[in-house]
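Trainee: Before we discuss anything, could we put the sequence and the model side by side?

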Amino acid sequence: GSFSESLNDKWNRSSPFNFFLTKAKGIDNKYNANQSVHIKEILSESFGELVQSAQFNYKIDVDWLVQCYPESFRSKPLLIVHGFKGREKQDLESEAAKYDHIGFCQARLDIAYGTHHSKMMLLKYTDGIRVVIHTANLVHGDWHQKTQGVWISPLFPILLGQGSGESDTKFRKDLIDYLTAYNHPKLRSWIEMIKTHDFSDCRVHLVASVPGRHTDISKDKWGHLKLRKLLKQVEPSCKQWPIVGQFSSIGSLGAKSEDWLCSEWLSSLSTMGQTLVEKSQLRLVFPSVDNVRLSLEGYPAGGSLPYSIHTAKKQTYLHSFLHVWKSDRNGRTQASPHIKTYMRMSPDGENLAWFACTSANLSKAAWGVLEKKGYQLMIRSYEIGVLFLPKSFSKEVFKIKDDNFLVPFDLPPTPYEKSDHPWIWDIPHVNKPDTHGMKWCPN
Ligand SMILES: CNc1ccc(C(=O)O)c(C(=O)O)c1
């Protein structure tokens, strides 16, 4: 039917980047056409005859997820990979008791405060494997009126003949290393399957995090040191271009910007040696109170923007780096961001030296923090994302307009006004009503 071929046509038209935003209910529908997808489209029969799938995520509504699959696929084996323990694990498993096609893989979280934050779908079809790396939880609200990022891989066919099956970006090896790090029997069959498929068409790099204290040759396999290693391939001419980070949560980053943000972390993203940098070199995008108040969801959008007053109080220096969420280019200024993106942009915002979309928020838990005088990189959470490097597309830079490169928000980003404050989810917001006439009184 037209729905199905539109999906494949949509994917073909999105080549070679294959990067999408999620559809948002309530915005002008011209912005929900090309380069926008919904989970039911991704899982639809038009994308291939599903044999089995694996869903890696943080929040999972099992009943809602099952009905996102077409009726004919609701008995195909589904592996849910999560990080819950104890009561939350029991609740998740009892939610799924009535489905005999659903199995679980509990990811080990041996370091305190870590979460299984990665959001990925592995889709095994009769004629190949597709990988989807995205930023949305498996709950209705994450796919309803927010801005989320979705990368949909090509269909990777079964490996025939003598080809290596590996891409120039080493995506297959990195994906296998990531899955191997779980050290879980239920992922072994997926690892073996991936080894028998041809990933040579993959044009993105994998940037992932796994919990641990990574040293030696493992130190730059994960987190911000993996990104640092990959960005050494970027055009040196872009060295003075600003770095833009955009995220939906902020961790405790230290009392001073030089403790981690503008030293270790910024050094990785700007592959420049010097630790101090002038402020305009780093621009951070995080929703202001008014961004949340005036969003389609109103203050409840802030339920997915967990920045706490306890953390915010310790790092007011951060607020001078902040820019508002504005996406007029995609008709999504009111679709609250749950996407996370990082990029290096030309001062005029017209070109990109590189672009990444990941589950990783601005936190040490996600990106890692160097310990023991740089001997080890400590990471608390599982994260996964994709990096677009111009050289993988035979380009020197991405010309946003000419290359039709989808950027989730308006560039250059707009700084907070004096009267703007970062959204904080655990304090009252009662001065002005939101789009639904409501106020926010957490406790
Ligand atoms: C502590 N748990 C979470 C913190 C932040 C986020 C986010 O993505 O902003 C998520 C999530 O939505 O996966 C979970």
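Mentor: Let us begin with the ligand, which sits in the largest pocket, where sitting means that more than half of its atoms lie within 2 Å of the pocket's grid points. This is a predicted model, in which local features need pLDDT of at least 70, side-chain atom pairs count only at pLDDT 80 or more, and totals for chains, interfaces and linings use all residues. Residues are numbered from 1 along each chain as its sequence is written, and side-chain values use heavy atoms, with hydrogens and water left out.

Trainee: How far is a polar side-chain atom of Lys119 from an oxygen atom of the ligand?

Mentor: Lys119 belongs to the residues around the ligand, which also include Tyr58 and His117, a residue being counted if one of its heavy atoms lies within 4 Å. An N or O atom in the side chain of His117 is 2.9 Å from a ligand oxygen. For Lys119, the distance from its polar side-chain atom to an oxygen atom of the ligand is 2.6 Å.

Trainee: What share of the ligand's exposed area does the protein bury?

Mentor: Accessible areas come from the Shrake-Rupley method with a 1.4 Å probe. Taken alone, the ligand exposes 350 Å², and the share of it buried by the protein is 79%.

Notes
Polar contact = N/O pair within 3.5 Å; in protein donor to acceptor, adjacent residues only side chain to side chain. 1 Å grid on protein atoms, 1.4 Å probe; cavity = no way out; pocket = protein on both sides within 12 Å on 5 of 7 lines; lining within 4 Å.
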